Amino acid sequence: MKATVYITEEVEKFIQNHGAEYFPNECCGFLYGKEGDKREITLAKRVDNSKEGDQRRRFEISPKDYMDAERFAILNDLDLLGIYHSHPNHPAIASEHDLAKAMPFFSYLIISVNEGIPGDLKSWKLENDERKFTEEHVEVKYLIEK
């Protein structure tokens with residue numbers, strides 16, 4: 001059975017918009033929320049893709065941006081739960097490059113963006129600290145107006 005990561009509708013829309021806006025390049029950002037009996041992502045924050053050269057197939061996050069993300073989490077009483085990025089004109093399936101750069105604990109949300117239109121959103125996590133990804137089920141929590 002797949003683990004589940006819960007995201008808010010706002011996080012889903014934020015990632016979709018960022019991916020569409022940054023197309024044809026890969027966008028990227030951090031995911032924040034709370035880890036308790038379930039993983040709930042309530043905030044996404046974009047960062048610059050610092051990859052030198054072709055950003056259509058790769059993204060990179062600077063060490064300073066990682067440090068800033070950790071500081072932001074501490075100052076806002078949040079857990080840094082993962083990273084999101086886009087796959088322009090490619091499925092939302094983690095690549096070998098994604099796997100090589102992955103860290104334990106993080107959820108890696110990937111959005112497929114085809115010709116500028118956001119598509120599938122999938123999440124991946126390292127399996128028991130091994131160099132293998134397993135897919136997490138993504139459940140979007142929609143706000144219901146009263």
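# Notebook: barrel, helices, pocket

I began at the end of the chain and found Lys 125 opposite Thr 134 in S7. I took strands (E, at least two residues) and helices (H or I, at least four) as DSSP runs numbered from the N terminus, and called two strands paired where DSSP finds at least two bridges between them.

The model is predicted, so I kept to its limits: local features need pLDDT of at least 70, side-chain atom pairs count only at pLDDT 80 or more, and totals for chains, interfaces and linings use all residues. Residues are numbered from 1 along each chain as its sequence is written, and side-chain values use heavy atoms, with hydrogens and water left out.

**Strand pairs.** I listed S6 and S7 as antiparallel, with 4 bridges between them. Besides the pair noted above, I found Leu 126 bridged to Phe 133 in S7. S7 (residues 133-141) also pairs with S1 (residues 4-8), here in the parallel sense, over 5 bridges. On that side I noted Tyr 6 opposite Glu 139 and Ile 7 opposite Val 140. S5 and S6 run antiparallel and are joined by 6 bridges. I looked up the partner of Asn 114 and got Ile 117 in S6. The two strands make a hairpin with 2 residues between them.

**Whole sheet.** I followed the strand order as S1-S3-S2-S4-S5-S6-S7, a closed barrel of 7 strands with mixed pairing. On average, neighbouring strands are turned by 35° against each other, direction ignored. Axes are lines fitted to C-alpha atoms (for helices over the stretch in contact), and angles run from 0 to 180 degrees between N-to-C directions.

**Helices.** I found H1 (residues 9-22) lying across S1, S2 (28-35), S3 (39-47), S4 (79-88), S5 (107-114), S6 (117-126) and S7, at about 30° to S3. H2 (residues 63-75) packs on the sheet and touches S2, S3 and S4, with its direction at about 25° to that of S2. Contact here means heavy atoms within 4.5 Å.

**Aromatic pairs.** I paired rings of Phe, Tyr and Trp (its six-membered ring) with centres within 6.5 Å; planes under 30 degrees apart are stacked, over 60 edge-to-face, the rest tilted. The count came to 6. I looked at Phe 14 and Tyr 84: their centres are 6.4 Å apart and their planes at 90°, so the pair is edge-to-face. Phe 14 belongs to H1 and Tyr 84 to S4, so this pair ties together parts 70 residues apart in sequence.

**Largest pocket.** I recorded a volume of about 240 Å³. A pocket is an open set of points on a 1 Å grid over the protein atoms alone, where a 1.4 Å probe fits, with protein on both sides within 12 Å along at least five of seven lines; lining residues have an atom within 4 Å of a point. The volume is the space filled by probe spheres set on the points, which are joined across faces, edges and corners. Among the lining residues I noted Arg 58, Glu 60, Tyr 66, His 85, His 97, Asp 98 and Tyr 108. H3 (96-101) and S4 each supply at least two lining residues, and H3 gives the most, with 3.

**Backbone checks.** Most residues other than glycine have a negative phi, and most peptide bonds are trans. I found a cis bond between Phe 23 and Pro 24, omega about 15°; Pro 24 sits in the loop between H1 and S2. Asn 89 has a positive phi of about 50° and is not a glycine; this residue is in the loop between S4 and H3. Glu 115, in the S5-S6 turn, has a positive phi of about 50°.
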